[in-house]
Amino acid sequence: MTDFTSNQPGSRMGNSTTEAVRKSLGRRNRKQIWLQGFGIAAITFAITMLFILIASIVGSGYHAFTQTHVEIEVFVDPEEVPVENLPRGGFRDVLSASMGQYFPDVDMSDRAAAREVSTILSNGAQFELRDMVVADPSLIGQTITLKVPTSDPYDQLAKGLVKRDTIEANRRLDDAAIERFDRLQDLGLISKPLNTGLLTNADSRFPELAGLKGALVGSFWALLTCFVISFPLGIGAAIYLEEFAPKNRMSDFIEVNINNLAAVPSVVFGLLALAVFIGWFGMPRSAPFVGGLTLALMTLPTIIIATRAALKAVPPSIREAALGVGASKHQVVFHHVLPLAMPGILTGTIIGLAQALGETAPLLLIGMNAFITSAASSPFDSATALPTQIFIWADSPERGFVSRTSAAILVLLGFLITMNAIAIYLRQKFERKW
């Protein structure tokens, strides 16, 4: 019997369709492979750039986490430091004379030579000695052991940042200064302990004494002010817009403007704060309270948007069930919807505060970049913040501030990572899947 199936029009059409599908599958598979390749390349590029960024910051900043110290025996000469003149006295001369015992070949009666020897010590050594004597005047006339930071050039030398093989004219320290430092090192008087002063000292014009305490306290007061203002206002505005506000053109207009405010550059908020808070209301410049108000303006749109999204994520059945058992609209929102939406609200709030912590431009415009040598005791005292302290140190000409700038960036990144980790933890711990 002859088979006529292959000659039928339907069969030929089916074969051509199968062949076309087979060819298109090959093209689609190739496109999928290309797409996957582009995705892997993009992720690899992003991770590589992030690694280079972190490595460059760590490579430059890890030097600041240690500080070179010198331990010397100091005779508190009663002639230089009379007890009746405290806290005044010749503490610098006392230290200079004490350093002379380690360099018998140097004529300490020569003021220039004595000054060269005393430059090994940090400028803060005389104040540390003064504080010790003022706290205990019985030390006058005694020999005490004092461990103080070295000055920045010698600190750089100990950390290998001043190259010994560089031409002497191009070095911060000449051969004689390096020889004096090596002598102290051979005597076992040089050490490099952990630099706790990086977090416990306030800012200073001397790199070996500069720390982040003032910036940390200023950032704390600014973020506290920002949270106290933006958190209740943001949640209240979001609840009203999402649950109570009538759906009309006015509410649509407000919603569009809130979304637009979330994308406004931060420098605009700084200009607004400069004109309104400082110009019109006469609030103090450089105050964390003004900085917190400025950051609250920036954070409000983020909190409102995150809160509305969290409220929308609560299933309508929750509202309907609560209304069905006789709860009022107010009770439905605050007793049922809001508690269920709180994990998302907290996550959005923490992310908004983390973004505010890293803002620099608005704080610069309101003056939180002043040179402050003590930590603020209240939100109304002059202070700096972590981002502005980084800006100040990056603009300083001293070499020692280079590593401290990177170290401050690492501290800021640590706070940001911690805040984002807390947000992720709250999301995973309290989130409910419907």
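Asp-174 counts as partly exposed, because its relative accessibility is 33% (buried is under 20% relative accessible area, exposed over 50%, and partly exposed in between, with a 1.4 Å probe and protein chains only). This is a predicted model, where local features need pLDDT of at least 70, side-chain atom pairs count only at pLDDT 80 or more, and totals for chains, interfaces and linings use all residues. Residues are numbered from 1 along each chain as its sequence is written, and side-chain values use heavy atoms, leaving out hydrogens and water.

As for its place, Asp-174 sits in the loop between α5 (152-158) and α6 (175-186); helices (H or I, at least four residues) and strands (E, at least two) are DSSP runs, numbered from the N terminus. Pro-397 is 223 residues away from Asp-174 along the chain, and their C-alpha atoms are 20 Å apart.

Asn-195, by contrast, is buried, with a relative accessible area of 9%. It is found in the loop between β3 and α7 (197-200). Setting aside neighbours within four places in sequence, Asn-195 makes contact (heavy atoms within 4.5 Å) with Ala-64, Phe-65, Thr-66, Gln-67 and Arg-404.

Now for the sheet. Three strands make up an open sheet in the order β2-β1-β3, with antiparallel pairing (two strands pair if DSSP finds at least two bridges between them). β2 (143-149) and β3 (190-191) are at the edges with a single partner strand each, so one side of each has no neighbour in the sheet. Strand β1 (residues 69-75) runs antiparallel to β2, and seven bridges join the two. Val-70 stands opposite Val-148 in β2. Helix α2 (residues 91-100) packs on the sheet and touches β1 and β2, its direction making about 100° with that of β1. Axes here are lines fitted to C-alpha atoms, for helices over the stretch in contact, and angles run from 0 to 180 degrees between N-to-C directions.

The largest pocket has a volume of about 440 Å³. A pocket is an open set of points on a 1 Å grid over the protein atoms alone, where a 1.4 Å probe fits, with protein on both sides within 12 Å along at least five of seven lines; lining residues have an atom within 4 Å of a point. Grid points are joined across faces, edges and corners, and a volume is the space filled by probe spheres set on the points. Of the 17 lining residues, Arg-92, Asp-93, Ser-96, Arg-115 and Ser-118 are the closest to the centre of the largest pocket. With five residues, α2 gives the most to this lining.
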